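Let us learn to read a model step by step. Have the sequence and the 3D view open.

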Amino acid sequence: FSCREQPIFSTRAHVFQIDPATKRNWIPASKHALTVSYFYDATRNVYRIISVGGTKAIINSTITPNMTFTKTSQKFGQWADSRANTVYGLGFASEQHLSQFAEKFQEVKEAARLAREKSQDKTELTNPALNITSHQVLPSPIISSNGPGEDKLFRSQSADVEVTTEKERLKKMLSEGSVSEVQWEAEFFSLQDNNNKLVAALHEANANVDQWKKQLAAYQEETETLRQRVAELESQGTQDSSSENNKEELSQTLEELELLIKAKDEEIQMLKSQKCSRWEAEGEREETLQKLQELETRNAELEQRLHLAEQTLAETLAEREKIQNEVTKVAEIMDVKIFELSEIRQGLAKLVES
């Protein structure tokens, strides 16, 4: 672009072009985001979108009133350029950048429409055929009756009436022809832009529908898996409730064991205190010693059971916390998937409406 053009808006985006072979897939124009700018050519009174990658112009699109910038997602937009015979796509870093670019596109499009109308008015005012007055006399034209290379018939200077009639006829033809040419050109570009836009939108819609169908099937399968997982976790939660009942029973058992151990300890102390008084009775002494050993063994067993019960309780609490974390994680994943499915449904609804 030349120095006569001045940038009026710039942003950065990833640039894509539609595949000319399939008209369905996007081809990235560069590996990194590029600067995309609106330029105004004061000499030609036109607006252009320009993006340069290295020494090559990636985008050089002249804005016409018939162009339309379409947002296809939250961060992606596209427009068709019939003169370049392609469709450009831009991927932005945020939805705000996309909205700013779309608003500027609408402003530039309106400015291009006003510039075209002004140019048409200027063309009609400066057309020589419209400035011919009835007082002007056209020079005697040379009319070829048989085409190039044949003998030519020259108009006589005495045919003033015929000249005036021919002058009026030419004036009318030139006037109508200039206006019709501009109208036809505008209509042609309008039809061509609309056709390219519809073709590009159709290809993009077909590609999006196929992609959405695959993604929807994947999401449905993943949702079914998550539902099965939730059912398993719910069943585990039911088991967890039974585990909690077991925990209460274990706690009660522990209390009973502690009371029993305390009672046995007191009984051991009492037996030890009575040991001296029963020393004379050998039979009772042996029985007391055996009973004491049994009580000590029972005490050791009870302590071991207490330790195992405490260990089981700790494992049960840890397992319960793990299950709760898994349930929370699965619930969050399901919320995200449900939101994505809602977006897909809205996209399909918009596609059907369009």
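**Reading the model, feature by feature**

A: Start with one contact. The side chains of arginine 48 and asparagine 60 make a polar contact at 2.8 Å. Keep in mind that this is a predicted model.

Q: Where does arginine 48 sit?

A: Arginine 48 belongs to strand S4.

Q: Is arginine 48 buried or exposed?

A: Read the relative accessibility. Buried means under 20%. Arginine 48 has 11%, so this residue counts as buried.

Q: Which strand is joined to S4, and by how many bridges?

A: Look for bridges between strands. S4 covers residues 46-53 and S5 covers residues 56-62. Six bridges join these two strands, and they run antiparallel. Take one pair as an example. Serine 51 has isoleucine 59 in S5 as its bridge partner.

Q: What do S4 and S5 form, and how many residues lie between them?

A: The two strands form a hairpin, with two residues between them.

Q: How is empty space found in a model?

A: Rolling a probe the size of a water molecule over the atoms shows where empty space is left. Here, the largest pocket has a volume of about 1,200 Å³.

Q: How many residues line the largest pocket, and which lie nearest its centre?

A: The lining has 35 residues. Nearest the centre lie Lys71, Thr72, Ser73, Asn208 and Trp212.

Q: Which elements supply the lining of the largest pocket?

A: Several elements each give at least two residues: strands S6 (70-71) and S7 (76-81), and helices H1 (95-126), H2 (160-275) and H3 (282-353). H2 gives the largest share, twelve residues.

Q: Let us end on a helix. Which helix holds lysine 291?

A: Lysine 291 is in H3. Next, read its accessibility.

Q: What separates the C-alpha atoms of lysine 291 and isoleucine 268?

A: Compare sequence with space. The two residues are 23 residues apart along the chain, and their C-alpha atoms are separated by 9.3 Å.

Key: Residues numbered from 1 in each chain as written. Predicted model: local features only at pLDDT ≥ 70, side-chain atom pairs only at ≥ 80, totals over all residues. Heavy atoms only, no water. Pairing = 2+ DSSP bridges. Helix = DSSP H or I, 4+ residues; strand = E, 2+ residues; numbered from the N terminus. Buried < 20%, exposed > 50% of the residue type's maximum accessible area, 1.4 Å probe, protein only. Polar contact = N/O pair within 3.5 Å; in protein donor to acceptor, adjacent residues only side chain to side chain. 1 Å grid on protein atoms, 1.4 Å probe; cavity = no way out; pocket = protein on both sides within 12 Å on 5 of 7 lines; lining within 4 Å. Points joined across faces, edges and corners; volume = space filled by probe spheres on them.
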